[in-house]
Amino acid sequence: MAVSSSTFDTVIDRTNTCSDKWSKYPKTVLPMWVADMDFDSPECIKSSINQRLDEGIYGYTHIPKALEKAIQSHLSHRYHWQISASHLVHLPGLVCALHLSVQVFSKEGEGVVVPGPVYYHLTKAPQWSGRDLLHVDMCNQDGRWVPDMTQLEVACANPKSKMILLCNPHNPGGTVYTKSELLSIHALAEKYDLLVVSDEIHCDLILDDLPHVPFASLNKDAANRTITLMAPSKTFNIAGLGYAFAVIESTELRNAFNKERAGLIPSPNMLGLTAATAAYEEGQEWHKALLIYLKGNRDLLAQRLAKTPLKMLHLEATYLAWIDVSALALDDPYQFFVDAGVGVSNGKDFGNPNYVRLNFGCPQSILNQAIARIEEALITHKFM
């Protein structure tokens, strides 16, 4: 069944729903920070959850075979990546798997290589566990954010280094790594014998006509040294239902991961399993319409920002705009936006205080309000 754009135009009042996103700021501020879209869930997900609730008993639940088959089909159809169901590790979320991977596959004082600015849990994971964070700058190469490969090799060659934490598509910045770029990163991982943990949670949110290449799908060596982390949560806006999965093709790595998670990381939520199954089995039309809508929002934002001192490189994926505010020479760029009535994410949390991250996964009417507020603030402060 075709999904209309009006599905995404509908403004839903989330102010009394215990929403993290809508509770952070006063009502006078539009919340456009955390990666949580303001769209109604696909009907197939709501229907599946309601059917499961109607059963009336909510006991311990094992992983449905239908979900495993749906994930395999999804990865095969979209990414030409063939995996076995035995390679899947089902989780209540991606962040816990990221932190656990660092703790299982490195020791205190050893090095973890992280290209950034990047989603903050990729830097918190090594820092919180006493690992040596080996930062690599992301640089503007032909209008795309990519790791500085010279820095990356220096970091990988460090005798302390044990692993690389990769974010693909990159958050923030929206880069979809090409196969050639990934092969260059893999060559370093192979040369210096490093594990790769690849956060690919935004892989289903590519806005341009570009392929997502799972790092583990590059070749046999990549498959044997990679932990791939994925989830339907960002794509189908079901983060609150608590479901993610890892693909770990190496039996040795998978056994080590599962041994350490036992007793610490619980099984996924029953409703999360239900929602994920419905999303991967029946959510394709909704997903297709979503990408068209998000692309329109991205283009609208880019066109309006181009008339201001604010700058944003072309965003290939995600609904998270990475905006350069350095031209304003502000002491606190984040507060400038909040005072303007737009609650963005602070670039400082990702690694660069001269940027802010803005979530445009919302009805276009709300995005227009946010842009108008930003423009008004720039005019008021004589930046335009």
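**Exercise 1. Find the residue with a positive phi that follows helix α6, then work out how the helix is packed.**

Start at the end of the helix: α6 is followed by Gly130, and the phi of Gly130 is positive, near 75°. Keep in mind that you're looking at a predicted model.

Now step back into the helix itself, which spans residues 121–128. Buried here means under 20% relative accessible area. His121, Leu122, Thr123, Ala125 and Pro126 in α6 are buried.

Next, look at what lies over them. The cover includes one helix, α5 (94–105), along with strands β3 (111–116), β4 (132–141), β6 (161–167) and β7 (195–199).

**Exercise 2. Which residues touch the most other members of the largest nonpolar core, and which element gives the largest share?**

Take the core as a whole: it holds 57 residues, and Ile45, Leu301, Leu310, Ile323, Leu358, Phe360 and Leu367 touch the most other members. Then go by element: α13 supplies the largest share, nine residues.

Zoom in on Leu358. Leaving out residues up to four places away in sequence, its contacts include Met32, Leu301, Tyr319, Val342 and Ile374.

A second, separate core has 53 residues, among them Leu122, Cys167, Val196 and Ile248.

**Exercise 3. Track down the aromatic pairs, and find the ring that the charged end of Lys24 sits over.**

Search the whole structure and you get 15 aromatic pairs. Follow the ring pairs and a cluster turns up: Phe8, Phe39, Phe236, Tyr243, Phe245, Tyr280, Trp286 and Tyr293.

Finally, go to Lys24. Its charged end sits over the ring of Trp33, 4.2 Å from the ring centre.

Key:
Residues are numbered from 1 along each chain as its sequence is written. This is a predicted model: local features need pLDDT of at least 70, side-chain atom pairs count only at pLDDT 80 or more; totals for chains, interfaces and linings use all residues. Side-chain values use heavy atoms; hydrogens and water are left out. Rings of Phe, Tyr and Trp (its six-membered ring) pair if their centres lie within 6.5 Å; planes under 30 degrees apart count as stacked, over 60 as edge-to-face and the rest as tilted. A charge sits over a ring if NZ of Lys or CZ of Arg is within 6 Å of the ring centre and within 35 degrees of the ring normal. Buried means under 20% relative accessible area, exposed over 50%, partly exposed in between (1.4 Å probe, protein chains only). Helices (H or I, at least four residues) and strands (E, at least two) are DSSP runs, numbered from the N terminus. Contact means heavy atoms within 4.5 Å. A nonpolar core is a set of buried Ala, Val, Leu, Ile, Met, Phe, Trp, Tyr and Cys residues joined through side-chain atoms within 4.5 Å.
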